[in-house]
Amino acid sequence: MDLPDDLGAVRAVLLGSKLRVAGSVVLALSVVFGAAVGLGVLGVPGVAAVDNEFGAVDESTTTIETDLVISNPNPVGVTLGDVRIDYGVSMNDVRVANGSREGVSLQPGNSTTELTTRMDNQQIPPWFASHVRNGERSRLVVDADVRSERLGRSKQFTVERSIETDLIGQFDSNETRPVAVEDSAITATPLVENPVLYVNETSADWGTVSRERTPIDVEFVAYNPQAFPLTVSEIDYEITMNDVLVGEGTSETNAAILPERTERIETTTAITNDNLDEWWVSHLNNDQTTQLEIRFYATVEIEGQEFRVPVRALDHEETIETNIFEGEGN
């Protein structure tokens, strides 16, 4: 039904007014928003704190669960589809994990955003090599960047802490310790007495680390109590970390020791770095605790007789405990 001219005019005025008002409100809000951004009245959300913990771990991947406390300095909630959070974890400049999150809704004040980051376990060998090169010290850096394209600005947040270990310090000793063979071997060679030799000193240092190997240079002073010369021809070693075999091998020494004399003997053991990702899994599954064990065996020649002797005086055990994300906080 056609409206009278006066009613149609009234309706046009009313509807037109509503549309004009709505358009004016949108325009005004856009102007206010733009002015607030330009004047810096609207603040850019930033990271106030970070909390990490390790989640599930398997042969290839370690999960890092992260709680980011985001601070929204504005008096109203913000839902900005263009807000992006980039997040990363490095140890000695080795980037071990990266993550990101887009489209974050924020209430006024602080709110927590959860991130899940997956770390490639193959990054553990290069990190471990850098850790040893750096005197068994690592610099852990956790960084987060909150960026808004609409606001045209970003804020960065960084947490740093140090990680230190002492894997071989207890090698150094001046204690005299006997090296004995099985009684049955001595019975078969009556001129040889137990112990076949003594170890008077031990010491160890890290060698030159490569991508493939982390060597440990071991020295010990051996004393020959026998009435005959003896020769330490070989040293065998085996290195385990939480029962994971990470290194084994044999070093030829051919060190001849005269009766009632001492001789300084050098040997080198080595961790095979490619085995360390498997160790890493065991370390995390054991609450970041590792039992390091190095076992030594010597081949000793006396009067034409050859003995393979466990050298308990050289054996090394060390408990390694880490809490990599301890003390991150604010």
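1. A salt bridge here means a side-chain nitrogen of Lys or Arg within 4 Å of a carboxyl oxygen of Asp or Glu. By this rule the count comes to ten salt bridges.

2. Some ground rules before the details. This is a predicted model, in which local features need pLDDT of at least 70 and side-chain atom pairs count only at pLDDT 80 or more, while totals for chains, interfaces and linings use all residues. Residues are numbered from 1 along each chain as its sequence is written, and side-chain values use heavy atoms, with hydrogens and water left out.

3. Have a look at Asp274 and Arg211, which form a salt bridge with their closest N and O atoms 3.5 Å apart. Asp274 sits in the loop between strand 13 and helix 4, and Arg211 in the loop between strand 9 and strand 10, so the pair ties together parts that are 63 residues apart in sequence. Helices (H or I, at least four residues) and strands (E, at least two) are DSSP runs, numbered from the N terminus. Asp274 is partly exposed at 49% relative accessible area, and Arg211 is partly exposed at 42%. For these labels, buried means under 20% relative accessible area, exposed over 50%, and partly exposed in between (1.4 Å probe, protein chains only).

4. Now the sheet: four strands form an open sheet in the order 8-9-10-13, with antiparallel pairing. Two strands count as paired if DSSP finds at least two bridges between them. Strand 8 (177-179) and strand 13 (262-272) are the edge strands, each pairing on one side only. Eight bridges join strand 9 (residues 197-206) to strand 10 (residues 213-223), and Trp206 has Ile216 in strand 10 as its bridge partner.

5. Glu219 is partly exposed at 26% relative accessibility, as is Arg264 at 44%.

6. Which residues of helix 4 are buried? They are Leu276, Asp277, Trp279, Trp280, Val281, Ser282, His283 and Leu284. With eight of the ten residues of helix 4 (residues 276-285) buried, the helix is largely enclosed by the rest of the structure. Helix 4 is followed by Asp287, whose phi is positive, near 60 degrees.

7. Finally, Glu293, Arg295, Arg312, Asp315 and Glu317 are linked in a network of salt bridges. Within it, the side chains of Arg312 and Asp315 meet at 3.0 Å, N to O. Asp315 counts as buried, at 17% relative accessibility.
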